Amino acid sequence: MTVLVTVWEAAPGVGKSTLCDGLSRSLAGAGLRVDHFREEKILSRSEFAAVAGEFGATGAIRPGLRP
């Protein structure tokens, strides 16, 4: 199962990158495979084609949509 976790905020400098780095390290330390990437890359990643397609068509993502 693939899980996508997003962290976003409009303001710079509030700790998004720090939070994501720590979360990635923690999850990887627990034995999970983690792929940390920037948000602009999601639309070009095949793993998230269903999510990108729905967002492109509707401008929204249904909760629970599987990538």
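Helices (H or I, at least four residues) and strands (E, at least two) are DSSP runs, numbered from the N terminus. The legends describe a predicted model, in which local features need pLDDT of at least 70, side-chain atom pairs count only at pLDDT 80 or more, and totals for chains, interfaces and linings use all residues. Residues are numbered from 1 along each chain as its sequence is written, and side-chain values use heavy atoms, with hydrogens and water left out.

**View 1. Overall fold of the chain.** The secondary structure consists of 2 helices and 0 strands. The C-alpha trace spans about 35 × 30 × 20 Å along its principal axes. Of the 67 residues, 12% are buried (buried: under 20% relative accessible area; exposed: over 50%; partly exposed: in between; 1.4 Å probe, protein chains only). Where contacts (heavy atoms within 4.5 Å) are made between residues at least 6 apart in sequence, 16% join residues at least 24 apart.

**View 2. Val51 in helix α2.** Val51 lies in helix α2, which comprises residues 49–58. This residue counts as buried because its relative accessibility is 11%. Leu4 is 47 residues from Val51 in sequence, and the C-alpha atoms of the two are 9.8 Å apart in space.

**View 3. Leu23 and Ser24 in helix α1.** Helix α1 covers residues 16–29 and contains Leu23; Ser24 belongs to helix α1 as well. Leu23 has 35% relative accessibility and therefore counts as partly exposed. Ser24, at 16%, counts as buried. With neighbours within four places in sequence left aside, Ser24 contacts Val34 and His36.

**View 4. Nonpolar patch on the surface.** Leu23 is also one of the members of a nonpolar patch, together with Met1, Val3, Val5, Val7, Leu19, Leu27, Leu32 and Val34. Such patches are made of residues with over 30% relative accessible area and no salt bridge, with nonpolar side chains (Val, Leu, Ile, Met, Phe, Trp, Tyr) joined within 5 Å and like charges within 9 Å. The accessible area of the patch is about 820 Å² (Shrake-Rupley method, 1.4 Å probe; for residues, only the protein chains shown count as cover).

**View 5. Salt bridge between Arg45 and Asp35.** The structure holds 1 salt bridge (a side-chain nitrogen of Lys or Arg within 4 Å of a carboxyl oxygen of Asp or Glu). The side chains of Arg45 and Asp35 form this bridge, with an N to O distance of 2.1 Å. Both residues of the pair, 10 residues apart, are in the loop between α1 and α2. Arg45 counts as buried at 18% relative accessibility, whereas Asp35 counts as partly exposed at 44%.
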